[in-house]
Amino acid sequence: MEYTYLGQSGLRVSRLCLGTMNFGVDTDEKESFRILDAALDAGINFIDTANIYGWGENSGRTEEIIGRWFKQGGGRRERTVLATKVYGDMHDTYDGPNREQGLSAYKIRRHLEGSLKRLQTDHIELYQMHHVDRNVNWRELWSAFETAVAQGKIGYVGSSNFAGWDIAVAQGEAKARGHLGLISEQHKYNLLCRLPELEVLPASKALGLGVIPWSPLDGGLLGGNHRRGDAGRRSGDNKRLEKHREQLDAYGKLCDELGEPEDLVSLAWLLANPAVTAPIIGVRTLDQFERSLRAVEVKLDEATLARIDEIFPGPGGDAPKAYAW
């Protein structure tokens, strides 16, 4: 496994991040444990989750599974760089308007305590805002996160699904307080979703954030599912397949020429971007996980990257090139 620093921090993480969104939903606890153990054995030390995973009334179930995995001991917790998120409605024991999705010092404190309890740990390496909340000012947010850092409950703060200007504002406010600020941005980024190249990737790179792409295979569309007669499980995938069929067919032919499967090439394309720290591999089975590991070994030359750009054109470069000339 290859490793790199996460953004401007001294925290070293694996170039692949294990996503756990399916644990407790499509993947039972026994299989989840097998995948988590295999990840550590393969050298993946970066594990991502969120307090709402499990979804709806089952929010928190995924964190509970990871907590029971940690409880087995064997150095599992010590070898893991753990990332979770806060923002959503947890459907927990308290009611009222402050239970709704969003951020506040009040909510961060309560939800952090909930995550720590479910995860059976006393600290979280990377605590991420799942979305921006523009109704809350950064003085309140940074004060809440600084308190959690000072208490030893979190190590670093990250963002997810932020716009480039949200990242810039957050880092400006952090700098004014003498705070490290954000060290990562988790964002949807793949060959079919290259919009982040306009603002989010350049802002992250310039301001010290490592980018953690989620949905690197765009729900399976970039994994060759359509050639196996499986457009994906999400609503609307068939419609999106038809929209992108010509591109996906051309991409499949290119991957055949390379002698590599579509899913690994898609991951390797992300890994070739210097702004990217680690794509999230959100597997459902141990077989899927083991298949994904070889992505770090697939190296794409400049000619291949240029052909990929022809098939999946980006937005035209970062700002201001794409807006003006």
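## Close-up views of a predicted model

**View 1. Helix α10 at the second largest pocket.** Helix α10 contributes four residues to the lining of the second largest pocket, the most of any element. The structure shown is a predicted model. The space in this second largest pocket amounts to about 420 Å³. The pocket is lined by 18 residues, and those closest to its centre are Y189, R194, E197, N273 and P274. Two or more lining residues come from each of the elements α6 (200–207) and α10 (302–311). Sorted by class, the lining of the second largest pocket comprises nine nonpolar, seven charged and two polar residues.

View 2. In general, the strands of a sheet pair through backbone hydrogen bonds, in either a parallel or an antiparallel sense.

**View 3. The pairing of strands β3 and β4.** Two bridges link strand β3 (residues 17–19) with strand β4 (residues 46–48), and this pairing is parallel. The residue G19 has D48 in β4 as its bridge partner.

**View 4. Strand β8 and its partner β7.** Strand β8 spans residues 182–188, and six of its seven residues are buried, so that the strand is mostly covered. Strand β7 (residues 154–160) pairs with β8 in the parallel sense over three bridges. Here S160 has Q186 in β8 as its bridge partner. A right-handed β-α-β unit is made by β7, helix α5 (residues 164–176) and β8.

View 5. Strands β8 and β9 run parallel and are joined by five bridges. Within this pairing, the bridge partner of E185 is V211 in β9. Together with α6, the strands β8 and β9 make a right-handed β-α-β unit. The helix of this unit, α6 (200–207), is also among the elements that give two or more residues to the lining of the second largest pocket.

Definitions and conventions
Residues numbered from 1 in each chain as written. Predicted model: local features only at pLDDT ≥ 70, side-chain atom pairs only at ≥ 80, totals over all residues. Heavy atoms only, no water. 1 Å grid on protein atoms, 1.4 Å probe; cavity = no way out; pocket = protein on both sides within 12 Å on 5 of 7 lines; lining within 4 Å. Points joined across faces, edges and corners; volume = space filled by probe spheres on them. Nonpolar A, V, L, I, M, F, W, Y, C, P; charged D, E, K, R; others polar. Pairing = 2+ DSSP bridges. Buried < 20%, exposed > 50% of the residue type's maximum accessible area, 1.4 Å probe, protein only. Right-handed = clockwise from strand over helix to strand, strands pointing away.
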